[in-house]
Amino acid sequence: MTITHKKVATLPDEAGKEINAGEWNSDHILVDGSGATLAIGTITDGQFLHRTGSTIDSSAAAGPSGPTGATGNQGPSGPTGSGTTGATGPTGLTGNTGPSGPSGAAGSAGATGLTGLTGNTGPSGPSGAAGSAGATGLTGLTGTTGPSGPTGAAGGTGATGPTGNTGLTGPSGPSGPSGGPTGPTGLTGASGPTGAAGNTGPSGPSGTAGAAGSTGLTGLTGNTGPSGPTGPSGGPTGPSGAAGSAGPTGPTGITGNTGPSGPSGAAGSAGATGLTGVTGNTGPSGPSGGAGAQGATGLTGLVGPSGPSGGAGATGPSGAAGPTGPTSGTGATYTRMAADMATNVGTTLTTMATLGFLLASGTTYSFAYNIIFQSGGPTVGLKLGLAFPAATIQAASVWIPVAADGTGAAFGGTISSSGDSVTATGVEASGTNYLATIEGMIRTSANGTLVPLFSAELASTAGILIRQQSSGILVALP
């Protein structure tokens with residue numbers, strides 16, 4: 001194998017030329033980077049080239065991959081081919097059916113189908129029997145009871161006075177003869193033993209009652225002496241002697257010492273109820289409990305029937321005729337406001353009474369108003385209107401400043417009926433004097449008053465102030 005030029009030189013050599021036919025047609029040599037000349041060995045078709053020593057030959061085994069060279073620039077795209085589509089081949093035979101595979105997982109539910117058309121409404125059935133009354137609804141919960149205030153301190157109980165010791169009663173002495181003076185009461189001796197009860201003898205006749213003696217001083221209660229043992233019953237009681245007149249009561253003797261308490265006797269009847277103790281001071285009121293939740297609002301009662309209409313009142317006397325306005329051809333009339341009006345913070349129109357003109361029926365007037373005003377806030381505009389009597393023809397224009405100088409500095413509008421108004425939407429600055437105007441014509445068909453009206457554009461604490469020196473002019477035309 002040799003490497004030569006493809007073109008073989010056949011012309012004769014030229015004298016003086018280094019490269020002629022022989023040099024051109026001679027074999028090329030391969031020189032590596034070190035300057036060594038490489039020979040060309042046997043290269044077999046289909047094998048890989050490799051270098052063995054100084055020879056380049058081929059081998060079935062591929063050599064190690066060299067480093068990837070830099071990617072060359074992409075060549076231009078070749079023209080698109082336009083070959084014709086080949087004919088469709090015949091359909092192959094159907095293969096045998098393979099075995100069934102395992103069941104797949106259940107698919108998700110399909111979308112709900114469209115609702116079917118509504119069928120025709122059947123005839124109404126007979127009315128059912130009236131249902132029983134529904135159960136009464138549960139009673140609403142009771143509002144929470146507020147906590148009870150603390151109980152006031154009980155008033156102190158008044159001190160009970162000490163009870164004096166009761167002395168033992170001595171035995172009764174025999175009744176003296178009737179009318180005899182009563183002797184002094186002897187000292188109380190120790191009680192003797194109680195004898196057995198004798199039979200009760202018959203009662204003697206009662207003696208004449210003696211005059212009551214004066215009551216002696218009560219002596220001190222002595223200590224109670226010890227009770228003696230009960231003795232045997234004494235003999236029978238003799239008949240009572242006639243009662244003598246009561247002698248004067250002698251002084252009460254000194255009460256002896258109280259002996260030890262004897263056995264308890266039978267319960268006596270209940271004593272009289274003692275006096276009620278003084279009522280203690282009322283304790284301070286406890287704090288009020290929180291208000292319970294408000295109950296549901298009750299049903300509204302039925303509206304009662306309307307009462308009969310009252311009879312028509314008597315017609316009052318006619319008022320005196322007011323002054324007549326200027327008639328045609330009488331010239332101009334003027335009016336001026338001498339003091340500021342009260343600020344209107346609402347949207348209800350207020351009359352500027354001092355700027356009113358009286359108008360006569362059947363007269364044509366030309367009028368104009370210069371209204372000086374201030375707004376309490378830049379966002380609060382002036383609402384300006386007009387009131388007037390019935391008219392055959394009427395027209396009026398309103399101009400109100402709303403912004404800084406320029407094409408949008410004023411807001412305009414028309415007044416087409418009595419009570420009509422034009423509403424502006426703010427001002428350039430609060431607290432500044434601005435001039436609004438009303439100009440118009442009217443042909444009256446009744447006597448009445450022409451007067452301007454005003455309010456704020458919107459309700460606020462800022463409001464609109466109508467200033468002094470606002471004025472009007474009215475001309476009755478011939």
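Reader: Why is Asp32 called buried in this model?

Author: Happy to explain, and please keep in mind that the model is predicted. Asp32 has a relative accessibility of 18%. Buried means under 20%, so Asp32 counts as buried.

Reader: What makes Asp32 and Arg51 a salt bridge?

Author: Their closest N and O atoms are 3.0 Å apart. The cut-off is within 4 Å, so the pair qualifies as a salt bridge. Asp32 sits in the loop between β1 (30-31) and β2 (37-40), while Arg51 belongs to strand β3 (residues 48-52), 19 residues apart.

Reader: And why is Arg51 described as partly exposed?

Author: Its relative accessibility is 45%.

Reader: How many salt bridges does the structure hold?

Author: There are two. Besides the pair of Asp32 and Arg51, the side chains of Arg467 and Asp340 meet at 3.0 Å, N to O.

Reader: Which parts does the pair of Arg467 and Asp340 tie together?

Author: Arg467 lies in the loop between β16 (464-466) and β17 (471-476). Asp340 lies in the loop between β6 (331-336) and β7 (350-351), so the pair joins parts that are 127 residues apart in sequence.

Reader: Are Arg467 and Asp340 buried or partly exposed?

Author: One of each! Arg467, at 18% relative accessibility, is under the 20% limit and so counts as buried. Asp340 has a relative accessible area of 35%, so Asp340 is partly exposed.

Key. Residues numbered from 1 in each chain as written. Predicted model: local features only at pLDDT ≥ 70, side-chain atom pairs only at ≥ 80, totals over all residues. Heavy atoms only, no water. Helix = DSSP H or I, 4+ residues; strand = E, 2+ residues; numbered from the N terminus. Buried < 20%, exposed > 50% of the residue type's maximum accessible area, 1.4 Å probe, protein only.
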